[in-house]
Amino acid sequence: MTNPENNLQANRLEGCALRVASIDPGGASARDQLAAALSADAGASARFLRVATVGAGAASLESALLSLGAPVARALTLGLELCAHEARTEPARWTRPLALAFAARAVAGQIGVGDSCEAFTAALLSTGTRAEELAAWRVPPRLAVAASRHQSGVLAGDADQDDSVWISRILGHATILADALQAESNPTGVDWGRLSRGLEALREILHLDRSAFAALLQSVGHSWADFLEELGAPRPAVPTLECVQVRAGDVLADDALARALEPGSSAPLRGLRILAVDDEPVSLRLLERVLRLAGHEVVTATNGSDALRVALETHPHAVIADWLMPELDGIDLCRALRRSELGRSVFFLLLTGRGEEDRVVEAFDAGVDDYVTKPFNPKILLARLKGGRRVIELQERVEANRRVVMKQVAEMGLLTRKLRNAAHTDALTDLPNRRYAMARLESEWEATGPGSRRPLAVILIDIDHFKRVNDSHGHDVGDLVLKEVATVLRANTRHGEEAARLGGEEFFVVCSNANEDQARIAGERLRAAVERHVIKGLGFEGGVTISVGVAQRRPEMANQDALIKSADHAVYAAKAAGRNRVIAGSDLGTVARSA
Amino acid sequence: MNGSKPAGDQAADPIDMQVIEGLRELGGQDDPGLLVEVIGMFLADAPARIRDLELGLASGDIELLERAAHSLKSASANVGASKLSSICRQIEEIARAKGSERLAELVPESGQAWDEAASVLRSIQG
């Protein structure tokens, strides 16, 4: 088309990639052209299937293309072939993109948001290509937007409600995993503490226990390493979760963790807040004085019940209490504190009289951390407190760390829920999107297996001469037409019929519990409604028509792709017969059966 | 202080002057009244405990005896009244074991020790 595009293609694309790049992603025969280009190159089709058929077993090229849709499949092939071509000469250039891609595929699969192949493709392209290449190669906009957002390090905000947001989020999560994968091969400069915390947050987001998360990291790592190896690149070392944590442990020992924590809680404790409890005023006065002199903040209480109240009000780091006191004694106070959320982490030092040492076992059983005999020697008391302070600081760090992780988890969890909706909705028309439609069809397919008496039918819809509308009135009018048709479809579908937009000018209706005749009637209802509808706006006034293909599940169909394929043939026949009509699979006789 | 007796013979001394020195040091520059304040607190609180000891012995209220002895034991130790503290410890141990032997001797001894300690402390208080 234009010179820059040709240059770019000449620069980086060749062989299969070059053929794929020349396919119009929106063209009617894009899927067939892609299938032809991939079939002609055994390496390319193997690579494509390897990524596209995650967990689905040995799927055919055709069904993989069907479920991905031509635009995404085309972008994925471009990315993979570019990578395959360049990895031979410049393996380092594709280590990162592939790590991120396999990580994104795993994260998307685990969260259950969106399509894992789309996440893989966006990840691969975001780190392996330049923004201008993404545009020139006509990568689907949501993938290109997510990829360039990731390239520029911009986070998707709440305001970004388009279809690319979920991909951006997944790329964000996947970055942590990709960092972990690469950390072992290139350990210098890695912030292990940060990496370990990131992995911990991700583990929470993915709702995995430690061993399942470790297994996920391993499986992603091996897919990544295997793929690189098959491309002829050196096989990278794959780290285990344990090895990241062990290295992070070394870092924990110094102050890296404290630095990473929130300000305030991160500063090492200078003076502790201590609750001193004694019913004997002289001892209490002296205790207070000793502690203040050592730089601590002191609150006091003269009996156990008061102490409990003061502790809950002032949240002390440590409690120093006399054992024998009227009402609530020191041990009962400790037991009561240990039962409360706050009191579980407090450092509890018990003051015992001489002759009470033989009972300290009881004190430790009650949850006391340490004891000092009275009358106390200030030096010994402060030394014991220093030991306690290490425990307190460690607990503060663990607690602060937990808060940081929980905060991240809460934030990301909320986004994930929002995104789950966004990921299933077509941004332009607000109808469910291809992903949703395919998932819905799959569950219907499973529910109506052999032996089921419930029929299942689908309706495939294509707007007639849509390209003509776009070309003569512009894309804004084209978008308006899509929205209006979507509205008409939504308004005219009935219970059990769910309309979705597959992409471009293609729509899809799953008709649960309907046979072909019932679906044909529904299709006719929709066709007539669209034909009647007048679209007005943006200086445009007029109508459009739709070609409708109907198909019912038949025993000889191996999977849901065969059902779609049958409806696809019917739409093709409707177009061939002059458009604006409904044709069912059985009208085609043997054509549908051979699908 | 007083410079009168050598340190170490604590049991015989009504007040261990090392403890008093320790309290003076603890007060230091910024809390010089600590020693006097603590002695004042002790002098104000102890008579009630002494009365509780006598009352407990007379009425056979062993728990009152134990509580009073426990409290006076640590309070007196804090101001260096080692002899009083040591007597209180014995009373407390016997009372805790629900025994009664020697209490009739020890309680009056504690009264004596208190009188001696109080007079030294009042002189320190000035």
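Trainee: What should I know before I start?

Mentor: The model is predicted, so to speak with care: local features need pLDDT of at least 70, side-chain atom pairs count only at pLDDT 80 or more, and totals for chains, interfaces and linings use all residues. Residues are numbered from 1 along each chain as its sequence is written, chains are lettered from A and ligands numbered from 1 in the order in which they are written, and side-chain values use heavy atoms, leaving out hydrogens and water.

Trainee: How many residues of chain B are in contact with chain A?

Mentor: Contact means heavy atoms within 4.5 Å. Here 23 residues of chain B touch 17 residues of chain A.

Trainee: What area is buried between chain B and chain A?

Mentor: The size of an interface is often given as the accessible area lost when the parts come together. Buried area is taken with a 1.4 Å probe and summed over both parts. In this model it is about 1800 Å², and carbon and sulfur atoms give 60% of that. Leu26(B), His70(B) and Asn78(B) supply 30% of the area that chain B buries against chain A, more than any other three residues.

Trainee: How many salt bridges are there across the interface?

Mentor: A salt bridge has a side-chain nitrogen of Lys or Arg within 4 Å of a carboxyl oxygen of Asp or Glu. The rule finds 4 across the interface of chain B and chain A. Asp30(B) and Arg289(A) meet in a salt bridge, 3.0 Å from N to O.

Trainee: Which helix gives the most to the side of chain B that touches chain A?

Mentor: Helices are DSSP runs (H or I, at least four residues), numbered from the N terminus. H3(B) gives the most, with 7 residues.

Trainee: How many salt bridges are there over all chains?

Mentor: The count comes to 47. Glu200(A) and Arg210(A) form a salt bridge, with their closest N and O atoms 3.0 Å apart. Glu200(A) is in helix H12 (residues 192–205) and Arg210(A) in helix H13 (residues 210–230) of chain A.

Note on methods: Buried area is the accessible area (1.4 Å probe) that two parts lose on being put together, summed over both. Helices (H or I, at least four residues) and strands (E, at least two) are DSSP runs, numbered from the N terminus.
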